[in-house]
Structure formats: structure tokens, C-alpha cells
Amino acid sequence: MITAEALPQGDLALLETEVAQELLHTDIPARLAYVAADGTPRVLPMNFWWNGTELVMATFTGAAKVPALRRHPAVALTIDTVAGKPHVLQIRGEAVITDVDGVVEEYELMMRRGMPADVADGYFADLRAGGAQMHRISVVPAWVGVLDFETRFPGAAPAAVRKR
């Protein structure tokens, strides 16, 4: 496992740190920031699946975020804890939208990890029977930031805090 202390914010190698790996494999939703169709910022919680290369989210057809992301694909995401000292993973990149006839594979993976098997089986059977149409939203990280508030702090944190 790579230690984060020696890596600058923005370095893609931060994805291999303990904090990043913890957050990439959690059930905590990512918060997706993007520019809406009216030009104003939006932030949405989105379940995600990390496949080792890209962060994948999904939505059903008709979602307002899809045309907005196609128009302005630059996005920022954060995944962070709320208990104890916060751990934060920040990712910037470009959203790529793929239309899917049916259920996005990663959507099923991400949803099943938080549902009892019988509930998930019924939910996905209903989606398939109803002819689900989805969009796969993928983001390949172009910039990565990690904060653990133990060894890595925000850049504007006072020096006395960073030395603790």
C-alpha cells in the first residue's frame, strides 16, 4: 500500500493509499458535483462502483443530470466519512455517459452490496421485467486528493494543526 504523506495532492498514485482504498470500497455514496443545464452548480449523492480504473455510477433515462453532463462533462466527486477523524477522497475528471438497454452492470453490483439477496433479486427482476433503460456514468480520475486529518490536512490548515 502506498503511503500518502510523500505524494502531492493531484497525484493519481493517491488512489492506491489506504484511505482512498477504504473509501473506494465503502457503501458511502459519492457526492457528484457538476454544472446543471441552467449553468448553476449541483451536488448529488450517487451510489458508485470502483472497478480499479473508473468510478461508475448509473441513473435511469429521463434524469436531468444526463444532458447536463453531456454538455459539461467536467465533474468533481468526494467520498468522505462522518465518524471520528474524517477521511476524504476527492476526484476530478470527465463524465462519460453510455446509454444502456437494461440494467447497468455496476449498478446491480453497487445496489446488491447493500441489500439482502432476496430483496435485490426481486428489485432487479422488476427492473428487467419493466424494460429498464439506464445511463452508465463513468469517471476516470484525472486528479486525486486525499485528506485523513492525521497526516494530510487541507492546504490552508494552520501549521500548528498540520504538525500534530
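Author: Begin with Thr59. Setting aside neighbours within four places in sequence, Thr59 is in contact with Lys65, Val66, Met134, His135 and Ile137, where contact means heavy atoms within 4.5 Å. This is a predicted model, in which local features need pLDDT of at least 70 and side-chain atom pairs count only at pLDDT 80 or more, while totals for chains, interfaces and linings use all residues. Residues are numbered from 1 along each chain as its sequence is written, and side-chain values use heavy atoms, with hydrogens and water left out.

Reader: Where does Thr59 lie? Is Thr59 buried or exposed?

Author: Thr59 lies in strand S4. Helices (H or I, at least four residues) and strands (E, at least two) are DSSP runs, numbered from the N terminus. Relative accessible area settles the second point: buried is under 20%, exposed is over 50%, and partly exposed is in between (1.4 Å probe, protein chains only). Thr59 has a relative accessible area of 9%, so Thr59 is buried. Its side chain also has a polar contact of 3.3 Å with the side chain of Lys65. A polar contact is a pair of N or O atoms within 3.5 Å; within protein, one must be able to donate a hydrogen and the other to accept it, and residues adjacent in sequence count only if both atoms are side-chain atoms.

Reader: Why is strand S4 largely enclosed by the rest of the structure?

Author: S4 covers residues 55-60, and five of these six residues are buried, so the strand is largely enclosed.

Reader: How do I read the pairing of strands?

Author: Strands of a sheet pair through backbone hydrogen bonds, either parallel or antiparallel. Here two strands pair if DSSP finds at least two bridges between them. S4 pairs in the antiparallel sense with strand S3 (residues 49-50) over two bridges.

Reader: What lies between S3 and S4 in the hairpin?

Author: Four residues lie between the strands, and Gly52 takes a positive phi near 100°. Thr53 also has its place in that loop. Apart from neighbours within four places in sequence, Thr53 is in contact with Val140 and Pro141. Thr53 and Leu15 are 38 residues apart in sequence, but 9.7 Å apart in space, C-alpha to C-alpha.

Reader: In what order do the strands of the sheet stand?

Author: The sheet is open, has seven strands with antiparallel pairing, and has the order S2-S1-S5-S6-S7-S4-S3. Its edge strands are S2 (41-46) and S3, each of which pairs on one side only.

Reader: How many helices and strands does the protein have?

Author: It has five helices and seven strands. Along the sequence they follow the pattern α-β-β-β-β-α-β-β-α-α-β-α. The protein has 164 residues, and 42% of them count as buried.

Reader: How many aromatic pairs are there?

Author: Rings of Phe, Tyr and Trp (its six-membered ring) pair if their centres lie within 6.5 Å; planes under 30 degrees apart count as stacked, over 60 as edge-to-face and the rest as tilted. A search of the whole structure finds four such pairs. Phe60 and Tyr107 have ring centres 5.8 Å apart and planes at 80°, so their pair is edge-to-face. Phe60 lies in S4 and Tyr107 in helix H3 (residues 105-112), so the pair ties together parts 47 residues apart in sequence. Phe60 is partly exposed at 31% relative accessible area, whereas Tyr107 counts as buried at 9%. Tyr107 and Phe124 form another edge-to-face pair, with 6.0 Å between centres and 75° between planes. This pair links Tyr107 in H3 to Phe124 in helix H4 (residues 117-129), 17 residues apart. One aromatic cluster is made of Phe60, Tyr107, Tyr123 and Phe124.

Reader: Which residues of H3 are buried, and what covers them?

Author: Glu106, Tyr107, Glu108, Met110 and Met111 are buried in H3. Their cover includes S3, S4, H4 and S7.
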